[in-house]
Amino acid sequence: AAGTPGSPRSADFVVVANRLPVDRKKNKDGSQGWKTSPGGLVTALKPVVQAHGGAWIGWGGSADEHIDPFTFDGHGVVPVDLSSDEVAEYYEGMSNTTFWPLYHDCVEHPEYHREWWETYLEINERFARAAAEIASPGATVWVQDYQLQNVPALLRSMRPDLKIGFFLHIPFPPIELFMQLPWRFQVIDGLLGADIVGFQEPGSAHNFVRLGRRLGGLRTYRDKLFTTDGRTVTAKAYPISIDSQELLDLSRTPEAREIARQLRDDLGNPERIFLGVDRLDYTKGLRHRVQAFGELFTSGQLDPLNNVYLQVATPTREGVRRYQILHRDIDEMVGRINSQSGRIGRTPIQYRYSSYPKLALAAMYRAADVMVVSPLRDGMNLVAKEYVAAHDSDDGALVLSEFAGAALELTQAYMVNPYDVNGMKNQILRAAGDSHANHARRMRAMRKQVFKHDIEAWAGSFLSDLGSVPDPQ
Ligand code: ADP
Ligand code: G6P
């Protein structure tokens with residue numbers, strides 16, 4: 001059990017993620033406090049960390065600030081400090097201008113800078129050291145995502161007694177793209193420090209095994225890689241999910257119903273509401289989606305008098321140039337389309353560049369007749385699952401990109417290739433105009449899926465596999 005937070009070798013279960021599971025809040029007396037951050041990962045892992053009196057290691061989100069470890073809600077919180085140069089090179093640079101585009105099919109060009117890589121390694125070592133200090137003998141450590149790919153090997157060299165899991169939340173690219181990376185050997189070696197490397201899709205796991213064989217020269221068998229130091233590493237898919245029940249309960253509250261009603265009112269009580277909810281990220285296919293809606297509205301195939309497309313775009317990574325360009329482009333596109341196809345008192349594209357509380361999102365999902373999720377590439381896409389869980393009447397419809405991991409599970413969605421704008425326009429119209437019976441059948445099948453495979457099932461299956469890994473010799 002946890003003693004003083006951050007005290008040496010006290011935690012049996014440790015999560016290492018770029019972000020902490022807490023956000024700052026202002027207390028009533030004006031002092032600073034913390035609250036649990038929203039999001040599926042935190043919801044899933046927090047109970048496990050609590051049950052073990054464990055700890056969560058992560059960055060607090062601002063530069064040049066020192067925060068001491070503390071206990072929150074029955075678990076340890078261990079902040080890792082980053083200077084503003086480190087944020088620029090490790091987070092905005094290597095993580096979000098190199099790995100992020102490279103792993104998402106190079107939908108934007110990844111940049112390779114040696115200084116970024118040096119800093120990435122230094123910061124990975126800082127996270128690994130924090131985990132090595134706090135983990136109890138034989139503890140389980142679960143490392144999350146592309147910002148920390150070298151932590152598994154660094155941590156294993158410091159603490160060979162630990163069980164180490166790694167989960168990649170984004171796609172793992174085909175070998176042909178991965179080969180561009182100047183530090184490709186180091187990254188593979190970094191990941192191979194884990195006992196289990198988890199991916200969203202079997203295709204990603206397969207890419208990794210193939211790479212271990214081809215680039216690493218390792219012997220492999222099915223989902224196993226045999227390392228040169230005599231260990232066995234498993235590479236397997238564990239598709240992540242959401243807390244389906246919590247979201248459904250939230251969407252059924254009187255507050256959510258009232259917000260949904262108010263929203264319909266504010267939008268002029270149109271016949272149909274189309275909805276998009278995304279971080280404002282170039283992987284999300286927003287340019288193509290806005291283009292498709294623009295053409296539908298200007299051609300009159302969707303009448304602006306009866307139809308509204310509400311797009312919520314969450315501000316994200318605003319220090320990175322590609323994100324600034326995307327922000328400007330979408331602003332311009334939306335402005336142009338609305339001025340060309342609006343009617344007096346009607347604005348066909350309602351664009352909100354803002355973050356919302358979960359309750360407001362649940363209400364939007366409830367209010368939306370057609371949800372459009374059209375990423376060019378996405379590891380999973382939780383928004384698609386959230387819509388299915390929250391929209392509990394049978395009249396909804398989900399338009400979904402075949403390039404989202406979620407497409408493997410939500411097979412009853414109206415599938416689109418987001419690069420094919422005409423195809424996407426047709427599918428949007430088809431989803432909107434389909435019969436009630438078809439909507440109901442598709443929604444029921446998808447609902448069954450997201451309730452059976454929820455976030456608890458995801459964490460449970462990964463941790464049970466990690467638990468059955470033999471203890472290190
Ligand atoms: P990504 O992880 O790439 O952002 P996902 O769709 O998998 O994409 O997950 C996004 C998460 O962020 C979802 O849980 C969603 O509810 C949440 N989210 C998206 N937009 C907003 C917003 N405007 N306000 C609050 N939460 C949001
Ligand atoms: C994706 C990544 C996460 C990341 C999140 C938000 O879901 O897989 O690792 O935390 O986006 O991005 P941010 O850069 O704000 O942490």
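**Exercise 1.** In what order do the ten strands of the open sheet lie?

*Solution.* The model examined here is a predicted one. Read across the open sheet, the order is E5-E6-E4-E1-E7-E8-E9-E12-E11-E10, and the pairing is mixed. The next step is to identify the edges: strand E5 (70–72) and strand E10 (219–221) each pair on one side only. From one strand to the next, the twist averages 20°. Finally, one pairing may be taken in detail. Strand E11 (residues 224–226) and strand E12 (residues 232–237) run antiparallel and are joined by three bridges; Phe226 stands opposite Thr232 in E12.

**Exercise 2.** Determine which strands helix H7 lies across, and test its length against expectation.

*Solution.* Helix H7 (residues 202–214) lies across strand E9 (196–199), E10, E11 and E12, and its direction makes an angle of about 150° with E12. For the length, the expected span of a helix is 1.5 Å times one less than its number of residues. H7 has 13 residues and should therefore span 18 Å; its end C-alpha atoms are 18 Å apart, so the two values agree.

The buried residues of H7 are then listed: Ser204, Ala205, Asn207, Phe208, Val209, Leu211 and Gly212. Their cover includes helix H5 (175–178) and helix H6 (184–191), together with E9, E10, E11 and E12.

**Exercise 3.** Which way do the residues of strand E16 point, and are they buried or exposed?

*Solution.* In a regular strand the side chains alternate between the two faces of the sheet. In strand E16 (residues 370–373), Val370 and Val372 point one way, Met371 and Val373 point the other way, and all are buried. The partners of E16 follow. With E13 the pairing is parallel over two bridges, and Val370 is the bridge partner of Phe274. With strand E17 (residues 397–401) the pairing is parallel over four bridges, and Val372 stands opposite Val399.

**Exercise 4.** How many residues surround ligand 1, and which are the closest?

*Solution.* The shell holds 14 residues, the closest being Thr314, Ser355, Tyr356, Leu382 and Val383. By origin, strand E13 (272–279), strand E14 (307–314) and helix H13 (382–390) each supply at least two of its residues. H13 gives the largest share, three residues.

Note on methods: Residues numbered from 1 in each chain as written. Chains lettered and ligands numbered in written order. Predicted model: local features only at pLDDT ≥ 70, side-chain atom pairs only at ≥ 80, totals over all residues. Pairing = 2+ DSSP bridges. Axes fitted to C-alpha atoms, helices over the stretch in contact; angles between N-to-C directions. Contact = placed C-beta atoms within 7 Å. Buried ≥ 20, exposed ≤ 12 C-beta atoms within 10 Å, placed from the backbone. Near = placed C-beta within 6 Å.
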